[in-house]
Amino acid sequence: MRKATLLMATALVAMAATLMAAETTRWVERTKVDVRAGRGSYYEVVDTLLKGEQVEIVQTEGGWVTVRTPREKVGWVFAAALSAKPVQPGGGSDFLKLAPGDASTSRTAASQGAKGLYAQDYAKAKGYDYTVVDWVEGHQPSSPQIEAFLEDTGETAGGRR
Amino acid sequence: MRRARWALGGIGIALLAVGCAGLDVGNVIEGGMKLIQSGDDIKGAFTDIDEPEEVELGRAVTAMIGSRYPLLRDEAVTRYVALVGNAVALQSERPDMRFYFAVLDSPDLNAVAVSGGYIFVTRGALALMRDEATLAGVLGHEVGHIALRHHAKAIKAEKRKAALKTGAEVGASFTRASVLTPAIGLTIDGLGEAALKGFSREEEGESDVVGFRYAVAAGYDPAGLRDFLKTLQDRGAKETAVSNFMSTHPGTEERLKAQEALVAKATTPGRRNQARFQQALAPIQKR
């Protein structure tokens with residue numbers, strides 16, 4: 001009797017642990033997802049996730065979640081980028097696949113794309129001035145400036161996704 | 001709700017034609033069929049795009065736009081426009097998308113949404129605005145195009161056209177390097193033209209509706225976009241730039257009516273921030 005009770009208790013604990021893990025584990029559903037230092041696209045990128053990678057949910061706030069990545073980095077991602085069910089890696093952009101490496105499965109190729117290398121090649125071939133892109137990307141407000149501005153415009157009162 | 005059928009006015013400048021003239025239709029079809037038979041290599045012309053692709057195409061199109069219209073390299077003005085844009089974009093369906101805002105130093109009336117989150121507004125369009133709520137309404141409309149992925153359809157269409165054209169040029173001897181790289185170039189060329197020309201009437205109407213919602217959620221006066229459209233209508237007969245814009249982008253009246261209906265239903269007054277807008281844009285309003 002005592003043995004049966006012990007077995008049942010062990011089974012219940014194992015089941016609970018499995019359920020808890022299922023509640024906190026998510027899989028990346030998009031080709032590439034940046035993990036950021038705050039709840040907004042303008043915060044610093046602390047890690048980059050690729051499709052199919054598994055993360056642990058640490059905290060949920062609005063439409064955003066804090067995750068722990070496979071590289072033990074912790075940061076925010078938009079919850080819609082994650083799936084509660086396992087996702088197969090790959091299957092990303094055909095466009096970026098045309099360049100050396102495969103951005104859908106290779107972190108190196110994904111970061112090359114993020115740096116605009118393919119667009120730079122195109123601009124060079126067409127005789128366009130790529131410094132326009134660099135200037136635009138390099139002259140956006142910082143995250144503290146945006147946060148201060150949001151407070152001032154009443155955005156906080158309107159809430160955020 | 002009535003489906004958007006308003007003509008738009010995504011606010012556009014005149015553009016050049018995409019150079020497809022002179023193609024032999026028979027060769028195009030034959031070349032396209034050969035490409036289609038190549039399986040994986042041509043798959044990209046028909047599948048959905050993802051965000052890294054959107055961004056990379058957006059960068060290339062931004063370089064193209066920058067080659068046609070001078071970029072206003074004023075740090076303070078750019079930062080201000082981007083602050084308003086980010087406040088609005090944060091309320092969109094894609095708050096995790098990185099948005100970039102900048103001003104084109106042109107007297108033309110235009111605001112352009114490029115795939116990947118790159119949004120431009122001309123000095124001429126800013127000159128017609130009187131406060132931050134108006135700017136938020138216009139930028140909200142442009143953010144809407146990106147949030148609703150209106151570029152996806154254009155990208156897929158341009159990929160198909162590019163695949164057919166490059167197939168016709170190289171026949172059966174294609175390889176990834178010799179065929180698909182030119183195809184990417186053609187896709188970007190077509191996208192740049194499409195970005196400047198504006199989207200379909202339905203897509204423009206959809207962006208009006210969601211842009212209104214983003215601006216209101218960000219705390220702005222719901223009448224921002226309506227006021228901009230009203231200004232266009234009132235000044236269209238008097239000013240060349242406005243009348244040129246309205247002649248290539250019909251439907252301002254319908255859009256205005258739709259915005260007035262949305263404003264009438266709005267329950268919050270919101271902010272206009274006129275003084276801050278005028279102070280921030282003083283360096284270019286005087287030109």
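Chain B exposes about 11,100 Å², of which carbon and sulfur atoms supply 54%, the accessible areas being derived by the Shrake-Rupley method with a 1.4 Å probe and, for residues, with only the protein chains shown counting as cover. The structure is a predicted model, in which local features need pLDDT of at least 70, side-chain atom pairs count only at pLDDT 80 or more, and totals for chains, interfaces and linings use all residues. Residues are numbered from 1 along each chain as its sequence is written, chains are lettered from A and ligands numbered from 1 in the order in which they are written, and side-chain values use heavy atoms, with hydrogens and water left out.

Of the 287 residues of chain B, 59% count as buried, a term that denotes under 20% relative accessible area, with exposed meaning over 50% and partly exposed lying in between (1.4 Å probe, protein chains only). Chain B has 13 helices and 3 strands, where helices (H or I, at least four residues) and strands (E, at least two) are DSSP runs numbered from the N terminus.

The 3 strands of chain B form an open sheet of mixed pairing in the order β1-β3-β2, two strands being taken as paired if DSSP finds at least two bridges between them. Because β1 (100-104) and β2 (111-114) of chain B stand at the edges with a single partner strand each, one side of each is left without a neighbour in the sheet. From one strand to the next, the twist averages 20°. Strands β2(B) and β3(B), the latter comprising residues 118-122, run antiparallel and are joined by 4 bridges, with V112(B) standing opposite F120(B) in β3(B). Helix α4 of chain B (residues 75-89) packs on this sheet, touching β1 and β3 of chain B, and its direction makes about 135° with that of β1(B); axes are lines fitted to C-alpha atoms, for helices over the stretch in contact, and angles run from 0 to 180 degrees between N-to-C directions.

In the loop between α5 (123-127) and α6 (132-147) of chain B lies D131(B), which is buried, with a relative accessible area of 2%. The side chain of D131(B) reaches the backbone nitrogen of A133(B) at 3.3 Å and makes a polar contact with the side chain of R272(B) at 2.6 Å, such a contact being a pair of N or O atoms within 3.5 Å; within protein, one must be able to donate a hydrogen and the other to accept it, and residues adjacent in sequence count only if both atoms are side-chain atoms. Residues up to four places away in sequence aside, D131(B) touches R272(B), N273(B), Q274(B) and F277(B), contact meaning heavy atoms within 4.5 Å.
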